[in-house]
Amino acid sequence: MSLGSAIAVVRESVVAIFRYRMVRPQTTKKGKPRPAQFNVGWGSGFGVVADRYVLTAFHLLNDGQPRNQNDKFLVFVVPGNGNAAFHFPVIAFPVERADCDLAVLEIGPCTTPGVHLPAIPVSFSTHPDGARVLTMGFPAPEVAGLNIDAQGNYAGGQFFLKSHANEGIVSAQYL
């Protein structure tokens, strides 16, 4: 498979993961509303079971610390790297392994009917030094605005999510 073909196939399974937690609720001071404040984070992952499980890094859950139970997570897809992003709620965390920086997120159905997350095959075999690899993710999304309701639920936003791919080689093995 050519690099261009591989990117097109993998891109559809790569997701952006949004983590957020309210750190200060909305208040009113002297008759003026003060908006709530949130701690947020972004990362990447990919579908390993279609419309069900996403594999990501453990450190994304809370900067390498145990996951904060108050955090909420959403998984975003951007079909064809187009203009529209669609989200899936994260409903469970079946695997959280700090020792190997690995987490599996279980997602519910997409909030937009008809949008799906395909899976890509995963191999746990060791690849030799010099083997060609493709990396893909959503580095540093540009966030113009996020809307979160008074109960802390995601209500929409304006951001620029475009996946980026790089070609490389396996350069070292650590056992």
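## Contacts of Leu105

Leaving aside neighbours within four places in sequence, Leu105 is in contact (heavy atoms within 4.5 Å) with Ile17, Arg52, Tyr53, Val54, Thr56, Leu61, Val75, Val90, Ala92, Phe93 and Pro94.

This is a predicted model: local features need pLDDT of at least 70, side-chain atom pairs count only at pLDDT 80 or more, and totals for chains, interfaces and linings use all residues. Residues are numbered from 1 along each chain as its sequence is written, and side-chain values use heavy atoms, with hydrogens and water left out.

## Nonpolar cores

A nonpolar core is a set of buried Ala, Val, Leu, Ile, Met, Phe, Trp, Tyr and Cys residues joined through side-chain atoms within 4.5 Å. Buried means under 20% relative accessible area, exposed over 50%, and partly exposed in between (1.4 Å probe, protein chains only).

The largest such core has 18 residues. Ile17, Val54, Val75, Phe88 and Leu105 touch the most other members. At least two residues each come from strand E1 (14–24), helix H2 (59–62), strand E6 (72–77), strand E7 (86–97) and strand E8 (102–107). Helices (H or I, at least four residues) and strands (E, at least two) are DSSP runs, numbered from the N terminus. A second, separate core holds 15 residues, among them Tyr20, Leu74, Val78 and Tyr154.

## Positive phi

Most residues other than glycine have a negative phi. Lys30, not a glycine, has a positive phi of about 55 degrees. Lys30 sits in the loop between strand E2 (27–29) and strand E3 (32–34). Lys30 is exposed, at 82% relative accessible area.

Asn81 also has a positive phi, near 60 degrees. Its loop runs between E6 and E7. Asn81 is buried, with a relative accessible area of 17%.
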